[in-house]
Amino acid sequence: MMASSYSAKDEDGHITVSGPGGGTLRNKKPENTAFKQQRLPAWQPILTAGTVLPAFFIIGLIFIPIGIGLYVTSNNIKEFEIDYTGDDTSSPCYNCAQNFSWNNTKSCTCIIPFQLDQPYESNVFMYYGLSNFYQNHRRYVKSRDDSQLNGNIDSLKKPSKECEPYASVDNKPIAPCGAIANSMFNDTLKLFYNDPNGTSVPILLTSTGIAWWTDKHVKFRNPGGNNANLTAVFQGTVKPVNWHRPVYELDTDPENNGFINEDFIVWMRTAALPTFRKLYRIIQKNNNMAPTLPRGNYTLVVDYNYPVRSFEGRKRMILSTISWMGGKNPFLGIAYITVGSVCFFLGVVLLVIHHKYGNRNNSANISN
Amino acid sequence: MCVCEERRVRANDREYNEKFQYASNCIMTSKYNIITFLPVNLFEQFQEVANTYFLFLLILQLIPQISSLSWFTTIVPLALVLSITAVKDATDDYFRHKSDNQVNNRQSQVLIRGSLQNEKWMNVRVGDIIKLENNQFVAADLLLLSSTEPHGLCYIETAELDGETNMKVRQSVSVTSELGDPNNLASFDGEVVCEPPNNKLDRFSGTLYWREKKYSLTNQNMLLRGCVLRNTEACYGLVIFAGPDTKLMQNSGRTKFKRTSIDRLMNTLVLWIFGFLVCMGMILAVGNAGWEKEVGSLFQSYLAWDTPVNNFLFSAFLSFWSYVIILNTVVPISLYVSVEVIRLGHSYFINWDQQMFCSQCNTAAEARTTTLNEELGQVEYIFSDKTGTLTQNIMTFNKCSINGQSYGKDTHTTCRLDFTPFNPLADPDFCFYDDKLLESVKVGDSCTHEFFRLLSLCHTVMSEEKSEGELVYKAQSPDEGALVTAARNFGFVFRSRTPGTITTTEMGRTVTYSLLAILDFNNIRKRMSVIVRNPEGRIRLYCKGADTVLLERLHPCNQEVMSITSDHLNEYATDGLRTLALAYRDLSEDEWEAWSESHRFADKATDCREDRLAAAYEEIEQNMMLLGATAIEDKLQEGVPETIAVLSLANIKIWVLTGDKQETAVNIGYSCKMLTDDMTEVFIISGHTVQSVRQELRSALLMWALFVFLSRRARERMIELSRRRGGGVGKQLHGSPPPPPLPLSNLMDNISGEFALVINGHSLAHALEADMEAEFVSTACACKAVICCRVTPLQKAQVVELIKKHKKAVTLAIGDGANDISMIKSAHIGVGISGQEGIQAVLASDYSFSQFRFLQRLLLVHGRWSYLRMCRFLCYFFYKNFAFTMVHFWFGFFCGFSAQTVYDQYFITLFNIVYTSLPVLAMGIFDQDVPDHRSLEYPKLYEPGQLNLLFNKREFFICIAQGIYTSVVLFFVPYAVLSNATQSNGVPLADYQTFAVTTATALVIVVSVQIVLDTGFWTVFNHVFVWGSLGSYFIIMFALHSQTLFRIFPNQFHFVGSAQSTLLQPVVWLTIALATAICIVPVLAFRFLKLDLKPQLSDTVRYTQLVRQKRRKPPEGRLGARGGSRRSGYAFAHQEGFGELITSGKNMRLSSLALASFASRHSSSWIDTLRRKKHTHTPPSTSGECSPETNQIK
């Protein structure tokens, strides 16, 4: 290996210089183009008081009204939350939480009364919330087979390795495989309105329209198309270990059964943070005059299936109305108001500093 | 068989020589061929630490328990980097192959079986006899067997080998030189036994065995590969070393790889970042252990541990590696590639710069190294050669003083004289501007005639007359050439010479003088004389020499002329001209006879010949009549004084290192304004002993310290005075403005003195010794200008090394000759002037151009910009990657330290190579803070580079801090907003994919806004890249999240639909805007404050500074203000020994041959050769350039 500074070309180079008749001399003058001479026309912005200070004021002036708007909107949103984990002995769900075991096929029911102080207008959204549940753990997040969920027959029979150790039981593939599916939330929540005259009216909970459109229509598909006999398609697979029912019995509605069951889809969209809420049901507004949920007493009936006490998790039920900007979110408004004020304040401070100490002979000298 | 001890070569016997398996003459500088390219190149690339590190990461990622990222997030950038480098290597190697082929396929004539045949160079074997013709390259290292010239002599030019442009003589062993023609040579079967291949260019030892006789061989018999045969019709040689064994190839070692200080800093920082990475990994691993113990173990019903993991400690161990993988983007692999790309771009800008193009020599500036550009913006010391670098090495006859009358005016005032009507033999290139002198010649003024007669007779120039009237002078030194040419134009034309005669044409009349003696020049005598007999039989001695020695030897009657002439001499010297005084003496026949006898006696003496000759010369060079004086301009290159002034305003210290004599060097120092008459003191160190040098250095330092002390005291008192006076005035005149501060500062500036140091080569040798170097450095650095004269090439390098060692400053060496190579190589940056002296210096250099004045543009414009751009690039790059990566760290606390990434893996893959690479590259290549002419106008703008202000550890930490701050904002703002937010249809926004898209978009927008803030020069490229990158982010994201891709690879594109459902939400955009504002507003405020209150780099303040500087620029034209000390700038640049050659007739034959070399200052070696042949007992003397021995003999 001869890596050397010597280059035979250099040896050559000289003779063309000193030797007679080195050929016609090529003009080596570099081209006079704006690019090569670094004279490209250019915009050269400079941070001056004239540009920076107005920018601060403008940011302040834009952010503060937005913040106020957001804050007001957020305050108009009504939200109601019940923790039904059953940690407390006083809690109606205490017994269910205590007596839980995975083998229990019969579900335990607990009844939680609550009261709404204000009427909830327009559509009301019902969420379940979990705390200290690490849906964002790396091993959890990757433990799924999107190909299987997309209806691929091969993946149905032979789930991806990512699903381990929830890929198969006794050499039979699990459908849907993986830790996410296995841990699907399976409490059933029902809501009753206690009429002032003593009757308990069940409230109609819509279970569709709670998932992303792309999830429902693109990402999740039943194997063999939508109209196939799901029982037959899932023949040869087993249900996830923790599940009580196989995937093809999640719902009676064929449009909401199997992999395209929306509760399942919602669960499969993993949360970013260990405390999260997921949309459970929608209470549609059906009467233009009456509020969707009038003031009064309600009862939440929970089929308690989902154990969270082992890892100190919490379970909540949340009722919320929404606005154009979504649900209740006081932080955004406050943050905007704060940032806007800080900018405005900074603008004032900088203005003062600039006038007192600033280098003001800038422009005078530069023109010279 | 052992061949390592010696080499045996038998002529014309291929079978015999093949036994030893000597290397063939095929050279291969290429590294690869088609088959080996991939493995070898990959192997080489993986020797780079960075590449190996990424390979290691890649392997880690293949372990499923660790892999926190898909394999492609690392392999795509790595493959990109590797392939870019591979393509570059491949092109380089392709060109090497091409040039190898070209060289290997050159034809040479080889004697095979008694007849000459054409063979390719690569087929030449050791032991072959090859024939070389004039101007051919020597194909291999040959033993010269015979030549067409008498005595087996031949001439070679070794410029390619050692850079010396003069010709050298080689002679064959006498027995072989008789062989002559090919027929005899075919039967030559001598055997050479010699040393094995080595890289010593000036040594060879071997023995030729032929016909039972031994002949010893030396370097004098060798023709080395790389030389060119000159002035010799043809010669024959025996191949001794071929191909890689040749001395040329043995000498071409791997060049020392130069690194810039930013490189070194970058490597340190990268190491620190690795440390930081490990720390982060540790913290997160500890967190993981805690989490798995406290939470994860309980959470197992939903999330079982991976199979090999059975306790939390093992899990923490794996998590450490997982985090190393995802946090590795703090040291992005693209950093190194981007830096290379930027430097390459800057190099092209240097190559393309029209203002560094010299139209006379048709050469553009060339960045021969592409890795040093930003260091050009940090230079503090420039070491410059003089001849050919500061000066053009062209001497012009500028003024003269004849018999008390001075001739010659400023070149601008009158038009150039036209000599042709008066003198058909005149040299058309000669310029003179004073017609009075020509008038004086025409009217026949005897002094003027004698003056030019002297110039036409007293010299050692050779003439060549190709056709009638077409005279070419071959002068040993350019000054002599200038003088003889001046005489020629004024009608005293030197035509030809023989050992005993000189023929001239005087005013159109041919005259032949008989040359009786040449009293040669040497360093001590500082003069030369000739003794001639004119056709009328009168004997006259003509003498020219340094005024200091000549004026002492005049006849007393010259007093009056002498005083006028010495006034003129002073005047010339202050103009920086090189002067000679001229005188003659009439000798009677008797005097001549007597002296001739004593001279002959001295000449024949065997001991102390030199001394005796000098004494004899001294004896006759007395009582001379002064004719006048000449002044020769050592023409400075265009713009040298201005360049030096600008560079020193930029706080760059310039040292001139020259082989010239002290007087010449000091003269040049004055003429290029390095030394000025305003200087407080010019220290001259010229001691010969350690003690004296030390003493001189100490007293200089002491003087300097004393002066500084005094001036500081004076300054303090001045300030105090002015304060007191100002206060008093204020009391008396209420509200009147205080006295303007300008006069005070002016006074202060005048007090701070300027010093210069001139040191001689022999003193330098002592000063460079270990115990004195610190003293030398402190003295030299206290001075504004340093001139080292009579230094050897080695000393030049030593001086550079000294400063590198003691000063931690960036050094630049600039030179044009082979003697500058050592310093060019040892300085941080070497610049070669592509001038007349060969291309060796250029080949060794990192940058080359043809005019010294381009240096200011190279440093102040290109270097400054490069530094600025590189610093801005690095700051932004580190900021960007910390902002990008540290988000994972914060997320770790919320995802059970599981090494879950925040972003989509495609985003991680593409962030550095697509979404953010081009805007910062565009900034790194095109950014400018001030236009080029401004940075030349205000050299002070250069200072931040010297002080390392734009990118240092502090700046780095600021960038990192800003990056970490940004990452905090980028994580916690979406966290706070999204954790409770829902879409407008009630679906929560806190799902992982929405969070990922929001954070990623916010990140891309924030870093884009940041680059918008950082970019100071928005060319069309910046616009295209910035907006294009932003656009490409959205386009690529929508594509990756599209249904089409998901349908094809459902397992690869999990994020289907995320982009649209996220980015359609107003809350998401509000979040992004909020995060951007929180990230950018503090930066904006901080930058504004910095610019408004402490505008260090602001152009405006620099402008005011420079206005002040301009005002106190010293008034021009203080010439002649110096009194007292007289500088003698006598002009003799050549060595002694020529007179002898001429009179002995030795070089008469050479006159038509090798005279070109006389012009070179390095011409001593072949003369030495001839002289050594004459006095074989004299030890090989050191070449005349710097010979302390001669000085010490006296």
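Helix 35 of chain B packs its buried residues against helix 29 (905-915), helix 30 (917-926), helix 34 (992-1014), helix 36 (1043-1048) and helix 37 (1058-1063) of chain B, where contact means heavy atoms within 4.5 Å. This is a predicted model, so local features need pLDDT of at least 70 and side-chain atom pairs count only at pLDDT 80 or more, while totals for chains, interfaces and linings use all residues. Residues are numbered from 1 along each chain as its sequence is written, chains are lettered from A and ligands numbered from 1 in the order in which they are written, and side-chain values use heavy atoms, with hydrogens and water left out.

- The buried set in helix 35 of chain B is B:Asn1022, B:Val1026, B:Ser1029, B:Leu1030, B:Ser1032, B:Tyr1033, B:Met1037 and B:Leu1040; buried means under 20% relative accessible area, exposed over 50%, and partly exposed in between (1.4 Å probe, protein chains only).
- As background, an α-helix has 3.6 residues a turn, so residues three or four places apart point the same way.
- The length checks out too: at 1.5 Å a residue, the 21 residues of helix 35 (residues 1020-1040) of chain B should span 30 Å, and the end C-alpha atoms are 29 Å apart, which agrees. The expected span here is 1.5 Å times one less than the number of residues.

**Chain B overall**

- Chain B has 42 helices and 33 strands, both taken as DSSP runs numbered from the N terminus (helices H or I, at least four residues; strands E, at least two).
- Of the 1194 residues in chain B, 58% are buried.
- Take the contacts in chain B between residues at least 6 apart in sequence: 74% of them join residues at least 24 apart.
- An unreviewed UniProt entry puts "domain: P-type ATPase N-terminal" at residues 9-75 of chain B. That span is 46% helix and 3% strand, and its end C-alpha atoms lie 55 Å apart.

**The annotated binding site**

- UniProt (unreviewed entry) places the feature "binding site" at B:Asp385, B:Thr387, B:Asp816 and B:Asp820. They span 436 residues in sequence, yet no two of their C-alpha atoms are more than 10.7 Å apart, so they gather at one spot.
- UniProt positions follow the numbering used here, feature names are shortened, and annotations may be inferred rather than shown by experiment.
- B:Thr387 sits in the loop between strand 15 (379-384) and strand 16 (391-402) of chain B, and at 3% relative accessibility B:Thr387 counts as buried.
- B:Asp816 is in the loop between strand 31 (810-815) and helix 26 (821-826) of chain B; with a relative accessible area of 1%, B:Asp816 is buried as well.

**Salt bridges within chain B**

- Over all chains the structure holds 53 salt bridges, each a side-chain nitrogen of Lys or Arg within 4 Å of a carboxyl oxygen of Asp or Glu.
- B:Lys805 pairs with B:Glu773, with the closest N and O atoms 2.5 Å apart. B:Lys805 lies in helix 25 (residues 793-807) of chain B and B:Glu773 in helix 24 (residues 773-782) of chain B, so the pair ties together parts that are 32 residues apart in sequence. B:Lys805 is exposed at 53% relative accessibility, whereas B:Glu773 is buried at 11%.
- B:Asp1014 and B:Arg1087 also meet in a salt bridge (2.5 Å, N to O). This one links distant parts of the chain, B:Asp1014 in helix 34 and B:Arg1087 in helix 38 (residues 1066-1093) of chain B, 73 residues apart.
- B:Asp1014 is buried, with a relative accessible area of 14%, and B:Arg1087 is partly exposed at 27%.
- There's also a network of salt bridges linking B:Glu450, B:Arg453, B:Glu506, B:Arg538, B:Arg540 and B:Asp586.

- The contact takes 111 residues from chain A and 130 residues from chain B.
- Two salt bridges are counted between chain A and chain B; B:Asp991 and A:Arg269 meet in a salt bridge (2.7 Å, N to O).
- Helix 11 (residues 330-357) of chain A gives the most to the side of chain A that touches chain B, with eleven residues.
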